Amino acid sequence: MKRELILLAGTKETERALKEQLQSVFGELIHITSYACDEGIPTYFTHELIVYSSSLIEPEVQEYIDFDSCTIIKARRTVNYEYIDRIFELPPGKKILYVNDFIETAQEAVATLKRLGIDHVDYIPYSPSGGGDTKQIDIAVSPGEMASIPSSIPQKIDIGVRLIDLNTIMKIIHHFQLSERLTFDITDRYTRKIIELSQKLGAINRRAKTLNKFLNKVVDGVNDGILAFQEDGEITVFNEVLERMIGITAAHAKGKKLSRVFKNIELNRFLTSEQDEDLEYFTLRQQNVMVYRFRLEAEGVIVATFKDMEETIEMEKVRKRELQRRGYIAKYTFDSILGNSPLIKDTKLIAEKLAKSELPILIYGETGTGKELFSSAMHNDSSRKNSPYLAVNCSALPEDLLESELFGYEEGAFTGAKKGGKKGLFEQADGGTLFLDEIGDISLKLQARLLRVLQEMEIRRIGGNKNIPVDVRIIAATNKDLQALIIEGTFREDLYHRLKVLSLQLPSLRERSEDIPLLIEHFLGMEHSKITTIDRAVLEAMKKAPWKGNIRELKNTLLYMMTVAGHNRLTLQELPRNDHNFTEIEQTNGTYSPAEITMSKSQEYINILTALVGFFENGERASREKIHSSLQQSPTPLSVQQIRTRLSELQDLGFVFIQRGRIGTEITPAGVNWLNEQRENVLTSR
């Protein structure tokens, strides 16, 4: 007996998927002919079993069917088990757009999913004609109707054409009155598909458990406390390091809400903040901890890392000691560059901006203006601050020696080459910064090699035959007019333009002579000098001097005067004789004391103490960062590092008490009295 079934579907994709399913179930028992409405129905059917893919296609096919002689089965459809894992991977509780060609089929499919218990997400039925709310939805699933998903949805997931359910299969079996043995064969095939699905999901589950076990080992093996929790506050990850920090076991913490595990109100408020990313310090069980929190938006998870500050600081000290031992560390910061003149402030501001870039920098400045100081400060203010910083004076070495220092060499490259060869400064500075001082003095041969490094970011050792990639930021400096050297033919124009992508002009000391008192105070302090008084005539002479050697010459002159002075006062008698700087000296009466030199520092003390009084009156803790913020609009804004230094000085004077942890700094009664005296002095002077 010939058994034939006509399958009618709406789309070609649905027709293909359902025919394949029916053939896999019935095999050779039933001959299946299929048609898709969107391609047209080519014939008229009589005395056939016709299976609709959905009741919704009936209006499109009824003119091709003799309903008196044909039997109609309207298929019920269920989720495609081949792709069911894609649904299970959707984030729990998330709004998901379910897209189909008709809103009715979308609604029917959603009802089926919920009836089967696949309801961990919030489905929103949608069709191009029926519409649906797509606001704030970033994931859409569809049973093969991918073209119907709105273009505004970034993540689109195909969950496969919905398949014919077992109830419909049984109706087909009943229609053809298949024997019991054949029925068992068919249901066995269907059951085998379900078993294959179960095996697939089981394998996925086993892999997930293995991966989860591995990840737990990784999480427990890191040196930081790791915490992860859901949007609703339920803890999912709590590693061994965090157990030791908090004093609570992971077994007790996992599955509980944050508020039941963490009793620190400020910490809970920080962890549940709406910000995507944040960092703050806390004291937990007498331990200073830095907590960094970030949000995994797609997964609906918040992760926080807990770092032991003392351990982190100690590790940083060890790392810096190693860099320092090898001479790979930048000694100076922008706080090391002294001066309150508008010119030096503007120069520092430009340098701070240049530091944030990865481009090469060319520093111009006369001898002694602090080119290496600025280079070092820019490195320490850059993203490379934790990587090596190396400096070389290009004019201090012969050409061959400079070449081997910069590029290194292979074993046997020349007589005297070390066994095993040697890394050059470019390799040693990899990931960091290389400062090339007096760049105008290098030979044309070395200029060509340096140009290649800047172009290709790779070097070749002397005697080597392979290129070595390097990641180095170049800061070069010169006191020469490179454009004049280009005209003379002693400096390559292409190298000049490669180096001068960014440039910085340093002011001479004579252009900022108002900074000389502050520099003198600094040098006296550095040398622990016995000098307490400076004649005004001396200071005026120093402020008028041309200082061709700039700050270096000023320091040397001051060191000479301190050495020859037989008392605690500097007079005109101590000035170097026959010095071109002091050919014309005006006799000015009076002296200049260190107290006058530090007038600007005194105002800084007043501003800091005033800020502390304000914080105390408002019941707020006074951290360095808050003091820094409060002084931004004052005439003497200070960096956090400068505030640290001033607070240390104020503590030595007995005016403040610096406490560890989150309590901050407090002003002492002596500090209040001194502040009131300064305010009274200002009023009296008016």
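A: Helices (H or I, at least four residues) and strands (E, at least two) are taken here as DSSP runs, numbered from the N terminus. The model is predicted, so that local features need pLDDT of at least 70 and side-chain atom pairs count only at pLDDT 80 or more, while totals for chains, interfaces and linings use all residues. Residues are numbered from 1 along each chain as its sequence is written, and side-chain values use heavy atoms, with hydrogens and water left out.

The part to look at is helix α14, which spans residues 399–407. L402, E403, S404, L406 and F407 are its buried residues, where buried means under 20% relative accessible area, exposed over 50% and partly exposed in between, with a 1.4 Å probe and protein chains only. The cover over these residues includes strands β17 (389–393), β18 (433–437) and β19 (458–459), together with helices α15 (425–428) and α16 (444–456).

L434 gives a view of the surroundings: leaving aside neighbours within four places in sequence, L434 is in contact (heavy atoms within 4.5 Å) with L390, L406, L425, F426, A429, V472, R473, I474 and I475.

Elsewhere in the chain, an open sheet of 4 strands is ordered β2-β1-β3-β4 with parallel pairing, two strands being paired if DSSP finds at least two bridges between them. Because β2 (31–36) and β4 (71–74) stand at the edges, each with a single partner strand, one side of each is left without a neighbour in the sheet. From one strand to the next, the twist averages 25°. Strand β1 (residues 4–9) pairs with β2 in the parallel sense over 6 bridges, and in β2 the bridge partner of L5 is I32. Across β1 and β2 lies helix α1 (residues 12–26), which runs at about 170° to β2; for such angles, axes are lines fitted to C-alpha atoms, for helices over the stretch in contact, and angles run from 0 to 180 degrees between N-to-C directions.

Returning to backbone angles, most residues other than glycine have a negative phi. H47, in the loop between β2 and β3 (49–52), has a positive phi, near 50°, and is exposed, with a relative accessible area of 65%. Q177, in the loop between α5 (166–176) and α6 (180–221), likewise has a positive phi, near 50°, and at a relative accessible area of 70% Q177 is exposed. In helix α24 (residues 624–630), E625 is partly exposed at 44% relative accessibility, and E625 and V640, 15 residues apart in sequence, are 6.4 Å apart in space from C-alpha to C-alpha.

Note on methods
Contact = heavy atoms within 4.5 Å.
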